[in-house]
Amino acid sequence: MSQTTVLIGFAEAMSAPEVLWSLVDAGFRVVAFARRGKPSALRHSRYVSCHEICAPESDIQASLSELEALVKSLGSQTGEGQRILFPLDDKAVWLCSKLNLERSWRLAGPSGSCADLALRKDVQVAAAREAGFNVPQTLLARTANDLIAFAGNESYPVILKAAECVPIYQGRVHSCRKWICANRSELDRAVNQWQERVPLLVQSFVTGIGEGVFGLAAPEGVRAWSGHHRVRMMNPQGSGSSACASQPVADEINSKGQRLIENTGWHGLFMLELLRDEKGQVWFVELNGRPWGSMALCRRQRLEYPAWHVELAMDPGSRAGLGVATGPELVCRNAGREFMHVLFVLRGPKSNALNRWPSLWKTLVDMMRVHRNDGVYNWRRDDPKVFFADFYHTVHENVFKGKN
């Protein structure tokens, strides 16, 4: 029987190494697409070959055309086996959802209305509110006047972020930062930097502990529920986790999550990002419609979401992920992000809204508490170069961000 080929990308996605190994261990042949000239840990793996295409941050239409050409080329080279296209980050989700795939290919990712859900935060917020989740006061802002009016009606602080996961400006993906504004002065500074280039999602800023809920949506419902909470964020001001701990999914969250998935017709893997405030109230943040950064934690609990996702895309009747018992509760750390966390703590906050900044000594003590079951991201004994490359690139890209 011919081996199934899975094309994953972008290679620079944080989840890429763990996705690769999940697929390889399940018997798939894996190929990756990467941004031209962009280094990544995945390029150092012995299990994958990387093909370069134009970065969507340089020219999104050229990126789309080159990905389409790559898909056609691989289709003529991979024999009689099945072919699966599996996007790993939001830009790849956008590109893959625009392709007209030949009959020999299947998309293991969102398309149509599900792609809109995956890529538009305002659509996610509306779906979450309908499913019963708590959602902060929210506005879709296109002008500075929209922001100022919202801030005038709601009390500070507020958070501003791109409303689209792939904001496009002048033919390329625009890198839009997040702003947390504690007062009008900070809001005016954010407006000057934003310059109305892309729509923003504006929300009342809620502080708390980040949580994640994961699952695999199949025709009969969600399989393989799991969850985690953030132990530390790389940047205490708000970013992906540098360390996370597994935890069970509460019945109430399970029920609301199931309703959201059913209402939207989602299928395949997903992550719901949540925030638990100081009073214990849980708030919806966003939905990730592709593999998430903490995939290492799930895989160390024997939850092979990437492989199951592809199996379900190949056969909707597959039993992938059914009846799987999770492994022991544990903590998983990203070595490069843990190092960056210390640097961010040393630098200090950039907004007056962040009045609870971690202390350096407590941070160092917490980081030295390592337990027997703890794991690290992107480590595999027979593919060690990936781990060391990931550490280097994580630190280099964050230290020199904006200087290249």
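Biologist: Why does Gln170 count as exposed?

Modeller: In this predicted model, Gln170 has a relative accessibility of 66%. Exposed means over 50% relative accessible area, buried under 20% and partly exposed in between, with a 1.4 Å probe and protein chains only. The value for Gln170 is over the cut-off, so Gln170 counts as exposed. Gln170 is found in the loop between strand 8 (168-169) and strand 9 (172-173), where strands are DSSP runs of E with at least two residues, helices are runs of H or I with at least four, and both are numbered from the N terminus.

Biologist: How do you know that Asn378 counts as buried?

Modeller: Its relative accessibility is 1%, which is under the limit for buried, so Asn378 counts as buried. Asn378 sits in the loop between strand 18 (375-376) and helix 13 (385-399).

Biologist: What is the phi of Gln170, and what is the phi of Asn378?

Modeller: Gln170 has a positive phi of about 55° without being a glycine. Asn378, also not a glycine, has a positive phi of about 60°. Most residues other than glycine have a negative phi, and most peptide bonds are trans. Gly132, which follows helix 5 (residues 121-131), has a positive phi near 105°.

Biologist: Which residue does a cis peptide bond join to Gly9, and what is omega for the bond from Tyr156 to Pro157?

Modeller: Gly9 is joined to Phe10, with omega about 0°. Phe10 lies in the loop between strand 1 (5-9) and helix 1. For the bond from Tyr156 to Pro157, which is cis, omega is near 0°. Pro157 belongs to the loop between helix 6 (144-153) and strand 7.

Biologist: What makes Ala41 buried, and which residues does Ala41 touch?

Modeller: Ala41 has a relative accessible area of 9%, so it falls under the limit for buried. Not counting residues up to four places away in sequence, Ala41 touches Val386, Ala389, Asp390 and His393, contact meaning heavy atoms within 4.5 Å. Ala41 is in the loop between strand 2 (29-35) and strand 3 (49-53).

Biologist: Why is Asn288 called buried?

Modeller: The relative accessible area of Asn288 is 7%, so Asn288 is buried by the cut-off already given. Asn288 is in strand 16, and it is in contact with Phe270, Met271 and Glu273 when neighbours within four places in sequence are left aside.

Biologist: What makes helix 11 roughly antiparallel to helix 12?

Modeller: Helix 11 (residues 335-347) and helix 12 pack at about 170°, with axes 10 Å apart. That angle is over the antiparallel limit, so helix 11 is roughly antiparallel to helix 12. On the helix 11 side, Glu338, His341, Val342, Val345 and Leu346 meet Leu360, Thr363, Leu364 and Met367 in helix 12. By class, this contact has 6 nonpolar, 2 polar and 1 charged residues, where Ala, Val, Leu, Ile, Met, Phe, Trp, Tyr, Cys and Pro count as nonpolar, Asp, Glu, Lys and Arg as charged, and the others, Gly among them, as polar.

Biologist: And why is helix 11 called roughly parallel to helix 13?

Modeller: Their angle is about 30°, with the axes 8 Å apart. The angle is under the parallel limit, so the pair counts as roughly parallel. This contact has 8 nonpolar, 3 polar and 1 charged residues.

Biologist: What is the mean pLDDT of the chain, and where is confidence lowest?

Modeller: The mean pLDDT, the predictor's confidence in each residue from 0 to 100, is 91, and 96% of the residues reach 70 or more. Confidence is lowest in helix 12 (residues 360-367), at a mean of 77, and highest in helix 1 (residues 16-25), at 98. Residues are numbered from 1 along each chain as its sequence is written, and side-chain values use heavy atoms, with hydrogens and water left out. Local features need pLDDT of at least 70, side-chain atom pairs count only at pLDDT 80 or more, and totals for chains, interfaces and linings use all residues.

Key
Axes fitted to C-alpha atoms, helices over the stretch in contact; angles between N-to-C directions. Parallel < 35°, antiparallel > 145°, perpendicular 65-115°, else oblique.
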